[in-house]
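Thanks for coming. I will take this one piece at a time, with the coordinates on the screen.

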Amino acid sequence: MARTGLASRLYTGEANINIVGRRKTWFAVAAVLVVIAIASIAIKGFHLGIEFAGGTSFSIPAHTTDGRTLTQSEVSDAVTKAITAVDPGAEVDAAQKVGRGGASETFTVRASALSASQAETAKASLVSDLGVPADQVSDDQVSAAWGGQVTRQAIIGLIIFLVLVMAYLVIRFEWRMAAAAVSSLLLDLIFTAGVYSLVGFEVTPSTVIGFLTILGYALYDVVVVFDKVQENTRGITAGSTRTYAEATNLAVNQTIMRSINTGLVALLPVGGLLFIGAGFLGAGTLKDLGLVLFVGMGFGVISSIMFAAPTLSWFKDHDPKIKAHNARVLARRSQAKSGDVAPRGQRPATAGAAATGGETPAMAGSTTPRPGARPTAKRNTNTNRSGGRPGGGNRPSGKRH
Amino acid sequence: MHPGRQLAVLGLVFVVLYLLVFFAGGASGSVANRLHPKLGLDLVGGTQATYIASVQGGQVPSKESMEQARDIIENRVNALGVSEAEVVIQGDRNIVVSLAGKADDQLKDLAQAAQMRFRLVTGVTGDVSETALNPPSAAPTPSAGASAPAGAQPSTGASAPAANPGASSGGQGGGEVMQAPTPTPSASAPATPTPGVDQEVTAAQVQQKVGPAAWAAAQKLTGPVDLSTDPTAAKPFAPFAKLNGAEVNALTPAMQFNIPTVGCSQLDQRPNGAIDNVNSQVIACYSGAKIQLDKAPVVGNDISKASPQLDQQNGQWVVSLDFKSEGSTKWAALTRQAFNATQNDPCFVAAQSLSQGSEHCAVAVVLDKTVISAPVIQGVLTGTSQITGQFTAVSAKQLADQLNFGAIPLTFSSGPAQTVSATLGIQQLKAGLLAAAIGMALVAIYAFFYYRLLGTVIFMSLILSGLLTFGALVFLGRTVGFTLSLAGIAGFIVSLGVAADSFVIYFERLKDEIHEGRTPRSAVPRAWVRARRTIISANTITILAAVVLYIVSIGAVQGFAFALGLSTILDLVIVFLFRHPIMTMFANTKAFLSPRVSGLGRVLRRPPTEAKEA
């Protein structure tokens, strides 16, 4: 592995990719995607599963006219065949055996809603395929198993959660971070919902459960990034080496490997679910859950890097204190530029390529991971830490010795 | 804390959890049986019951009322525990409820008809059936007879103004009550028949059973027999004590009220719907006394919404009622009648027996066969009204649920419970577990690749997490009915992956510290302090999500929230009691920094290599 390659610099937290500086690009991309997602949800809506939309339930006797007992998979296959023949787009659930044994046992199978004539045709082909008495095969409308009340309560829960988590983040961080974190979460949810609407994946209870899992996960990722931002920017106004956006960018770079690791570590089991669920079983709970988690967590990782931190720096740049600080840093830098800052110019070529195109070339310069620059950076962070948390860093180690 | 001690605490957690798994919460059977988590409907099948709705007049029930009934039945099922029940409407009038495992008992009363009636209390008499049959040798005090059953009377969530046992001394209100229609044997209570449960019993059959003498004596009664003056006065009515619920129901309301040997236990056994009839007087039991209730001018259908509320002034739970516009007028009329009653009104006397010193009449809130409360009306009420009583948060919600349920004009009869097979079955369960294995293997491979030997720590903590989760699932499945569906299993697989992440946070911190030139010995505790802060903040959010969703939501979402909270807490346990002490111990070994062990040395070795390459 090349020690100066991107992978290595990612590993040591010095990839120095200018992410925050290109925030206008990310915002534009996000805005376009949000518009597409919302438009799709509004116009196209969701493809709701039987559990939400209700459907038709078939009841089939478990014993054939010649006395044979049918198996669950036999019935499932026959019903799937009969129903897809009349309505190719219909969903069919697995068969369920009902009864306490004996002649009265039946199978019930649920499928998407069918018209009366479709159901009649399906019934006729079931009778001939399975060899069951025609008068005992019946169809019925079934309601949604997932009531509107469940959805309503879940949404109320979601809103209460957002309010509480906002309060928590305000206390733990500050209101701008809270707002940035929650808007990044909302973005995740809208994107994921948008993908579901656009692609037309079926929405089942498992999908909703997976969707709610994303809630915690997306915020979790953002909190980790913001924790680092908070650490890097503590007492930032005291010095004048970095603007807030630059310090944020540094934090994002320092945690980027963690974000990628986290993303991979969390997505690997989800990928396993998706692989088994979709690959071997075709459809069902595993696929539904795997899919929504894969989409949502993927967006979670991307948005915590590309959206949450840039949003935060944008909010922060409107804070008068930070505004004044940024102006001072830039002023000082332009002064220094005419003086002697030569070593800072010697950046590795790749880092330079990654940093060009940003609106503030100075940003990349100030965070250049030159070994020579390291002592400065180190001293800075140390001062910041001991300033922000008196003795906090050393106490535990002292206790252990 | 010393790392060894933390590991010891973890060991203790394990021992306690698995002791609970093997020996507590109704563990029984073989080792394998004790290790079975409660699996969901989709994996192992369960029990299914169908409830058939009927409306008076045999029409098809409206879609809205079926939906309402479905919601309420679902609420009732979910109140049974953290299991994922399935409630669907099938066809026009069937509600099908499925529960995991063997659940015949739980399914029995789910769709109990709930008919709400508001009736003026027009008479009160003690339930003296016990003393009536066995007159005590000593002179009986009437209150003894009345108070004994009072204690045994189960209160239905609302224990509102308790009846004053002393006030029920024989037939105080009886004289006036006799404005009740003259008993005619043909006036058998127009009960809604419950198919297959009770057979219709006619008054003639009862007359035959008790014998002509007792029947004649009962018909002559004009008020409750006063046993306080003559303890043996109940003698002629002894045969009535042998009647069952259906037979008692065949008696006229006045007879049910007046005959001393007809007691609350018999009245409570009357078939469902026995006192539903809006246009007749009925007899019910309340706080151990028999009460006579007037026709019901206001019914559940008049309520638009009932909700539990905390009274801000006195901190007590009340149930708030909103009436529909027509219902509101009727309710105002009923409360006006109760409020303006004069001393000569029978209801006035009855109210005084219920609660001494009351100046107005009481209105009984009757749900099915049960008087939920019988508050004395303190004003003419229009619009929103409140039912007060000794409610707790739970009983207030329960009553509100029942009232909402009572607002639905449907009666349900239930078919027999049946077993249903799993929809997904063992094959899918196996596939799920295979997916888990693949996922875990991928995480392990990645961890070993990226963190070298330290991947072992991740791997071991995942295994420990898995064991803790499994133990907790088995134990909770037995105690709170936590049911594991395939979605739940998938959720736990995912949460294990997320759990591995708290290690990533820790390790990346460690890397930062070493990168800044610290020795592993000092870097580990420093990284721990910082990572701990991050891990706790991040997990707090997840736990917050779990708690909010658990409290607010219902059904499958609630089950999910429970699983989420559980796995997050277990993650914290593993982080604090396993990963941290293990890492502390690792840091003290020489091999810790070697690239082969941790990959950590790389951050240190970089400058020389770079110099070489440059």
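**Notes on the two-chain model**

With 18 C-beta neighbours inside 10 Å, B:Ala217 counts as partly exposed. The cut-offs, with C-beta atoms placed from the backbone, are these: buried is 20 or more other C-beta atoms within 10 Å of the residue's own, exposed is 12 or fewer, and partly exposed is in between.

Before I go on, this is a predicted model, so local features need pLDDT of at least 70 and side-chain atom pairs count only at pLDDT 80 or more, while totals for chains, interfaces and linings use all residues. Residues are numbered from 1 along each chain as its sequence is written, and chains are lettered from A and ligands numbered from 1 in the order in which they are written.

Back to B:Ala217, which sits in helix H10 of chain B, residues 212-220. Helices here are DSSP runs of H or I of at least four residues, strands are runs of E of at least two, and both are numbered from the N terminus. Setting aside neighbours within four places in sequence, B:Ala217 is in contact with B:Pro236 and B:Phe237. Contact means that the C-beta atoms, placed from the backbone, lie within 7 Å. From B:Ala217 to B:Pro236 the C-alpha distance is 7.0 Å, and the two are 19 residues apart in sequence.

Is B:Cys285 buried or exposed? B:Cys285 has 22 C-beta neighbours inside 10 Å and therefore counts as buried. B:Cys285 belongs to strand S5 of chain B, residues 282-286. Its C-alpha atom is 9.3 Å from that of B:Val124, 161 residues away along the chain.

Now chain A, which has 16 helices and six strands. Of its 401 residues, 46% are buried.

One helix pair in chain A: H4, residues 72-86, packs against H5, residues 116-130, at an angle of about 140° with the axes 9 Å apart. Axes are lines fitted to C-alpha atoms, for helices over the stretch in contact, and angles run from 0 to 180 degrees between N-to-C directions. Residues of H4(A) in this contact include A:Val75 and A:Ala78, and those of H5(A) include A:Gln118 and A:Asp129.

Last, the contact between the chains. How many residues does each chain give? Chain A gives 73 residues and chain B gives 74 residues. On the chain A side, H9(A) provides the largest share, 17 residues. That side has 38 nonpolar, 25 polar and 10 charged residues. Nonpolar covers Ala, Val, Leu, Ile, Met, Phe, Trp, Tyr, Cys and Pro; charged covers Asp, Glu, Lys and Arg; the others, Gly among them, are polar.

How values were computed
Contact = placed C-beta atoms within 7 Å.
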